[in-house]
Every structure is written in C-alpha cells, then in structure tokens.
Amino acid sequence: LGKALTTPSSIVEGIGHGVDRAGARFDGANLFLHGATIAINTLLERNGARTALVTTRGFRDIYEIGRVNRPEAYNLFFRKHVPLVERALRLEIDERMSAAGEVLTALSEAELERVARKLESERIEAVAILFLHSYRNPAHEIAARRYLQERLPGCYITASHELSQEYREFERTSTVAANAYIGPRVGGYLKGISSHLQAQRFGGTFLVVQSTGGLYDVGQAERECIRMLESGPAAGVIGTRMLCHSLGIDRAIAFDMGGTTAKSGVILDGEVLMTSNSMIGGYNEGLPVQIPMIDIQEVGTGGGSIARLGPAGSLRVGPRSAGSVPGPVCYALGGTEPTVTDANLLLGRLSATRFLGGDMQLDAPAARQVIEQAIARPLDISVEEAAEGIVRIAAATMSSVVKRVTTERGLDARDFPMVAFGGAGPLHATLVARE
C-alpha cells in the first residue's frame, strides 16, 4: 500500500511516487489496474479537443435542441445545455439509412472529400461521426471513419455505433461527441502511462477500470474513452460490493470523498445499482451519455474545497477546490485560501505530525491564521466556530449525494450501512451519515 500526492502536470509521476511508497516495482509486477478521473474532469472543466461532428443532412441541430425539457419551469434565468461542438463545426453529409437498416441515400466519396477538406481547413483535432439509424446498419459510419482516418491521420476519429447500439439520436449524438471531445487528452494520458510502464520494464498486463466497474485493455480504452467516465469511483463501489459479500451484508451506501468531489453509489440485494443513461453535469444543464455505468451521483465538495464568504456574508464551501497544487494552506505548498482540510486540522480531526503515515508534516499555525483572517474575523466568531462551520456545511452538501442515490430512488437510507473510502471519506462519513 502506498499513497502520494497527485501531480497534475504529470500524473504518471504521482503514480510512480505511490508505487515507490509501497516499496513495489513495476518490473516485478504482472498486472497494473488503473482507475482515473481524467475523462470526467475533461468534460466538466470543458478543456477537451477542438471537435467536429459529422452527421446526416438535416440533423446537425439535434445536438442543440435535445429533448426540449424544462427542469425549472419558473426560473427566468434557466440555461440550456451547451453542446461540446459549436454549430459551425457540425457538418452534414448526404446519406440516409432507414430505421430497418436499408440504404435510402448512398454515401458518396465526393461528400466525404468535401467534409475532409473542411475539417482540414478548420484544424480539427477530433471528429465524431453520427449517422441516422447506424445502430441497425453501421456501414456508412464505418466507411466514413475509414475514409477520414486516411485523409486526417493525426485526427482522433470515433463513430457512434462503436459506443452505443441503442436508438435515441440526441443521446447517441451527445455520447459520440463527448468521446471525441475527451479522446485526444485521455488517449495521450494513457499513452503516457504505457510509455512509463515500458520504460520501467513492466512486462505484465495494463487494464483500465470502466464505468461499469469492469476492466478493458488500454488500446480499447484509448478508442472508447467515454467508458472511463466514472472509472475512479466505480472501483470503490465494486470494492464495497465485495466487502458486503464478505460480511454477509446485502445492501450498503458506498461513499467516496476525494480532494475535489464526493460521490455515492448503492449496493442493493447484493448487486450494484446500474444505469444506461446518465446526465454529465447535472440534470438541468448536463449532457446525456448513453453507455452502461454504475449509478453514481456526485457533488463538488472534497478535502480541498475552498471556504469563502458569499456576497451577503454567508459561509460557502466549494465547488472550487485547491486540489493538490497548490493544495490546502496546511500543506505549505503555496495554498492561500482556507479549505475543508485546514478546518479539520484546526479542529484536531487530523494530526499535523501523522498525516500520510507521518511522511508529510502539516502547518497548523498557517491553517489557523488563514481561517481566522478569511472567515472568523469577518463573521465576528471564534476561529474554532469558523472551522466547525466549514466542516458542517461540507457534510450537509455531501449528504445530498447520499439522498440522491437512496431517498430519491424510494430507498430508506436508514436501512443501509455506509462504507466510506477515498482520501477523505472515512474522516467525514459519520457526519454525513448523521446528516
């Protein structure tokens, strides 16, 4: 067992530190399993590739129209979902399949060449291909992908039939667009890990955790990055199921809290609750992804969540996080804003000398000073009261994800024991359970 700080500039470096702390070696291992949050973070942070969508003529706006649902009917400031691909980069092609998979309009090479020239001129990094009814007959998508791969060798190209074999064009469009959008970044990330493993003379098998909790090889993961969306927490939920099986428990709440987010899933009758359609970014403004995954709800609260005062002087915690760089003030790595971790240290819920097994010393005076200056003094309360308020607000926020996977699904949370994991999960589990 080894644990190390995340290194955002080079994730592989942090993985290496973790292996070193465990006293292990890559060249002595035969299996490397990896769960990551890079896919979901790229989507939520909107820092993916410059992406184009190639679709059947007349259907490029389906991505923007969506389902025309209005979650907040009386909210005058309601905002719709914002597509990952701007309208100018949604290109149409003359081709058409019937719902039975019969060719109504053939796909011509001239049409593909026209689109390829447009993609070249726009310096596109990734292309999503979505043709109507390709779940019944993917021939046109296969031909288009093959042609564009030859014409645009440096481009990341993905087709909808590879990801979803179900109908519902908006959801399929959104899924393939998301896969293209995160593809270059996630693919580069996985290639970087593969190169590092090779340099360390790792001769075993490299597998990535899917959102279902299952595994797939790194080559497939590079092509179907969207299946990694809940890769990190999915592993924890599967671990919870195995623990329940060992203890003879048939239901449990899996609670995961890291540095940026808190997540929750449910074990019911010995099985993990699954979903085939999820809204990434929340129901109001999120984008649907139509792939099988563990039903996990999340909220932007974690150990690194920053505490601040709102416009009316109210105390707020998250969703902005200090992460691991610069991290909480008590890490002494350059952080300047109070976080949940700083509040826990000030309250004595963390030890300044035994953090990370004693490998990392925390700066308690700095944590006290920043909470006093930013929160306690403006609110005219003691620094201990300010710290307790930060922790209690974080717990109240995180309890909402537990309610979403239990109460909102007609399940009584009182019937479920909680299994906590993640960097900060066990530290806050009792507070969240009480809430």
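Visitor: What do the values rest on?

Guide: This is a predicted model, in which local features need pLDDT of at least 70 and side-chain atom pairs count only at pLDDT 80 or more, while totals for chains, interfaces and linings use all residues. Residues are numbered from 1 along each chain as its sequence is written, and side-chain values use heavy atoms, with hydrogens and water left out.

Visitor: What makes Arg-57 and Asp-94 a salt bridge?

Guide: A salt bridge requires a side-chain nitrogen of Lys or Arg within 4 Å of a carboxyl oxygen of Asp or Glu. The closest N and O atoms of Arg-57 and Asp-94 are 2.7 Å apart, so the pair meets that criterion. Arg-57 lies in the loop between strand E2 (51-56) and helix H3 (62-65), and Asp-94 in the loop between strand E3 (90-93) and strand E4 (96-97), 37 residues apart. Both residues also belong to a network of salt bridges with Glu-92, Glu-111 and Arg-114. The structure holds 26 salt bridges.

Visitor: Why is Arg-145 called buried?

Guide: Buried means under 20% relative accessible area, exposed means over 50%, and partly exposed lies in between (1.4 Å probe, protein chains only). Arg-145 has 18% relative accessibility and therefore counts as buried. Its salt-bridge partner is Glu-162, at 2.2 Å from N to O. Glu-162, at 26% relative accessibility, counts as partly exposed.

Visitor: How are Glu-222 and Lys-191 classed, buried or partly exposed?

Guide: Glu-222 has a relative accessible area of 17% and is therefore buried. Lys-191, at 49% relative accessibility, counts as partly exposed. Their side chains meet in a salt bridge (3.1 Å, N to O). Glu-222 lies in helix H7 (residues 218-223) and Lys-191 in helix H6, so the pair ties together parts that are 31 residues apart in sequence.

Visitor: Why is H1 called oblique to H6?

Guide: The axes of helix H1 (residues 11-21) and helix H6 (residues 169-199) come within 9 Å and cross at roughly 45°. Angles under 35 degrees count as roughly parallel, over 145 as roughly antiparallel, 65 to 115 as roughly perpendicular and the rest as oblique. H1 is therefore oblique to H6.

Visitor: What do Leu-31, Leu-33 and Leu-215 form on the surface?

Guide: Leu-31, Leu-33 and Leu-215 form a nonpolar patch, with about 260 Å² of accessible area together. Patch residues must have over 30% relative accessible area and no salt bridge, with like charges joined within 9 Å and nonpolar side chains (Val, Leu, Ile, Met, Phe, Trp, Tyr) within 5 Å. Leu-33, in strand E1 (residues 31-34), has a relative accessible area of 43% and is partly exposed.

Conventions. Accessible areas come from the Shrake-Rupley method with a 1.4 Å probe; for residues, only the protein chains shown count as cover. Helices (H or I, at least four residues) and strands (E, at least two) are DSSP runs, numbered from the N terminus. Axes are lines fitted to C-alpha atoms, for helices over the stretch in contact, and angles run from 0 to 180 degrees between N-to-C directions.
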